[in-house]
Amino acid sequence: MTLLAATTLAMVAMAGAAAAQDQRRDISRVAPEIVRKTVPPLAAYTDELLFADVWARPGLSPRDRSFVTVSALVAGGHAAQMRAHFMRALDNGVTPSELGETITHLAFYAGWPNAMSAVAVARDVFAERGIGGDAVAASAAAPLPVDGAQERARAASVDANVRPTTPALADYTDRVLFADLWLRPELAPRDRSLVTVAALIAGGKAEQLRFHLGRAMDAGMTRDEVAEAVTHLAFYTGWPNAMSAVPVLKAVFDDRPAAASQTD
Amino acid sequence: MTLLAATTLAMVAMAGAAAAQDQRRDISRVAPEIVRKTVPPLAAYTDELLFADVWARPGLSPRDRSFVTVSALVAGGHAAQMRAHFMRALDNGVTPSELGETITHLAFYAGWPNAMSAVAVARDVFAERGIGGDAVAASAAAPLPVDGAQERARAASVDANVRPTTPALADYTDRVLFADLWLRPELAPRDRSLVTVAALIAGGKAEQLRFHLGRAMDAGMTRDEVAEAVTHLAFYTGWPNAMSAVPVLKAVFDDRPAAASQTD
Amino acid sequence: MTLLAATTLAMVAMAGAAAAQDQRRDISRVAPEIVRKTVPPLAAYTDELLFADVWARPGLSPRDRSFVTVSALVAGGHAAQMRAHFMRALDNGVTPSELGETITHLAFYAGWPNAMSAVAVARDVFAERGIGGDAVAASAAAPLPVDGAQERARAASVDANVRPTTPALADYTDRVLFADLWLRPELAPRDRSLVTVAALIAGGKAEQLRFHLGRAMDAGMTRDEVAEAVTHLAFYTGWPNAMSAVPVLKAVFDDRPAAASQTD
């Protein structure tokens, strides 16, 4: 990017952050001035459709929408948009520790480089908000309990499908991902699943989506919340990725007893 | 990226823009000097293969090649290359309003973050060219007419495959995408389809490609133009994405009466 | 990205480079200080898991791990992480010419924009190390010999599956990729295949992976090396892309006589 473009992006980001803080006063003007002057129709869609309509929909909480948006940005490497949305996430009730844990989780599910780029932005946001020390430190709480039956089924699948071909990958999957990362108390299992599902959809990874959608619903996400998250992601990762997720949602919904999932 | 790298990228972009303006005089030196000094073989491929050969092929107009290239850059988040190619697009006959509308369209087909990053570059390019005001304003023209039969088939497919699982996504698809965005007169339907097809191929989204290739050909694109666009995309989004598109092209070509498509 | 973020990324990159140089002295502190202060758990995983464990595994040489990492970074457009890893690649025995050739190769397999962004970083790294001139010049050596049977089978597949639909793409594939790029002596065929396989996995392109895995093993990669490369990529491109590669590995391994591949 040119230095001029970098300056402009900085202005976009600052304008975005300012707009975010004004949001509760004037929801109708979220798009930065330079969007309004350069591509007016996109500014109109941003204000009237994305913020006044999509973000305001009742089917998914603002905190959940922030988890979904942040995950899509980190998984997609969209550093220019992270600042405003990390701020918004904190405003929407995501704690600094949860934001850091989301980034840590995405190191594994979207790759180390995307996580490292997100850290640089998080550091600026935390500095500006005076956040540090205990607020970002690892929890002293005990690891979360394991769901034995779920974990045995998962490990059996890895033993059958991964270990014979790539034994080290199977080992890290069992030992680091599921006996460590997923048990960290810094993020509730439901939120961790939401982050994972959002990253998978943003990355166009339908193959792993079925397993993680099921896990998300086991952890308490409802059909309506899942459908709303996919709708939200249509805007943040593009219609094609959202549309590709729909048949996987259908398969997972069809597999689960309706009564149980509707009373979740 | 380091500040040094940012400076270098700025130099690349400036050199690229200068080279683009020189292009009609000296097509053989498009690659910036730093490419020539750092990775000489890549500079040679850039000059002799990509610009002197691929861009000069008669099967697709320079304006169409710019739509394809810009769409691949925006969909892939390649901000560092946008400046030179936005300039080139304007030189090749894409109007500022069409460029802005391409970015707006890609907000929906490649996600808001990619579109917003493109706006920042477009703003610099427009400023440098003295473009603004009416040249980028939304059109006062009436929405484009709807093709009733095509639209009923599309809506029926959404009703069958999307609405039962994700009703809000189906609603936005019908109401915002196809009853609004696709009818905007700022971009001809054929060009909008070309932008969509390029973004889908750049994003590796074969699932939605078949529908949009059919739509592109309904709107007037010929087999030769579609094949040439895919060939062009091999260079801008990599061979694997282009190769994955080929069986979808074959299926769409096989489905359509040859005579009709050849006289398009 | 904001200027603040750019400054921070510069600091991350510089800290990363410094850490890399200290690595042989103190492997346990690779994560930059800002990661340790902002997202402490990610710093711990970076030091204890990624560098002290994964990079140190004996199944794949550090030079091969650098090829894999660099390819994932270039194919994913991760400019912020390239500097430290280009330095590390040079430290691990990748020559400047091999690094340039990797970037050139990835222009074709991950698209020109990703390659061009990598050139800007390579230029800074080369400048800092005093690398230039002959060290990056194209080789005067003759093109590598063609494996006639392998090449005839490949060309026949392109004739059957690509040429009827996209003749120009078939032509460039035969003439530029396989009669030119793949025969360039700047990169050994095995290393070129490793770069290609890493880029395909990083880009989530399972379709082309089977062909290129077979080619990599024909060129001398063992099952263990391939499995280890996929495990390494789980960290640099995320678990989902690595997991999607596993069934393709299995299919390729199953297809090949075990004895032959184990004595490779």
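C:Thr231 is found in helix 12 of chain C, residues 223–237. Helices here are DSSP runs of H or I with at least four residues, strands are runs of E with at least two, and both are numbered from the N terminus. The model is predicted: local features need pLDDT of at least 70, side-chain atom pairs count only at pLDDT 80 or more, and totals for chains, interfaces and linings use all residues. Residues are numbered from 1 along each chain as its sequence is written, chains are lettered from A and ligands numbered from 1 in the order in which they are written, and side-chain values use heavy atoms, with hydrogens and water left out.

**C:Thr231**

- C:Thr231 counts as buried because its relative accessibility is 1%. Buried means under 20% relative accessible area, exposed means over 50%, and partly exposed lies in between (1.4 Å probe, protein chains only).
- The side chain of C:Thr231 reaches the backbone oxygen of C:Ala227 at 2.9 Å.
- C:Thr231 also touches another chain: leaving aside neighbours within four places in sequence, it is in contact with A:Ala168, A:Leu169 and A:Tyr172. Contact means heavy atoms within 4.5 Å.

**Chain A**

- Chain A has 14 helices and zero strands.
- Of its 264 residues, 63% count as buried.
- Take the contacts in chain A between residues at least 6 apart in sequence: 70% of them join residues at least 24 apart.
- A:Asn161 lies in helix 8, residues 148–161. This residue counts as partly exposed because its relative accessibility is 49%.
- A:Asn161 and A:Thr196 are 35 residues apart in sequence. In space they are 21 Å apart, C-alpha to C-alpha.

**Chain B against chain A: area**

- The contact takes 50 residues from chain B and 48 residues from chain A.
- The two chains bury about 4,100 Å² between them, 72% of it on carbon and sulfur atoms. Buried area is the accessible area (1.4 Å probe) that two parts lose on being put together, summed over both.
- In chain B, B:Trp112, B:Leu169 and B:Tyr172 lose the most area to chain A. Together they make up 17% of what that side buries.

- A salt bridge is a side-chain nitrogen of Lys or Arg within 4 Å of a carboxyl oxygen of Asp or Glu.
- The side chains of A:Asp53 and B:Arg175 meet in a salt bridge at 3.8 Å, N to O.
- Between chain B and chain A, 14 residue pairs are in polar contact, both residues at pLDDT 80 or more. A polar contact is a pair of N or O atoms within 3.5 Å; within protein, one must be able to donate a hydrogen and the other to accept it, and residues adjacent in sequence count only if both atoms are side-chain atoms.
- Several helices of chain B give two or more residues to the side that touches chain A, among them helix 1 (3–22), helix 9 (167–178) and helix 11 (206–218).
- Helix 7 of chain B gives the largest share of that side, 12 residues.

**How the copies relate**

- Chain C can be laid on chain B with an RMSD of 0.0 Å by a turn of 120 degrees and a shift of 0.0 Å along the axis. That is the relation of a three-fold axis. Copies are superposed by least squares on the C-alpha atoms of residues with pLDDT of at least 70 in both.
- The copies use different surfaces: 6% of the contact residues of chain C recur in chain B.
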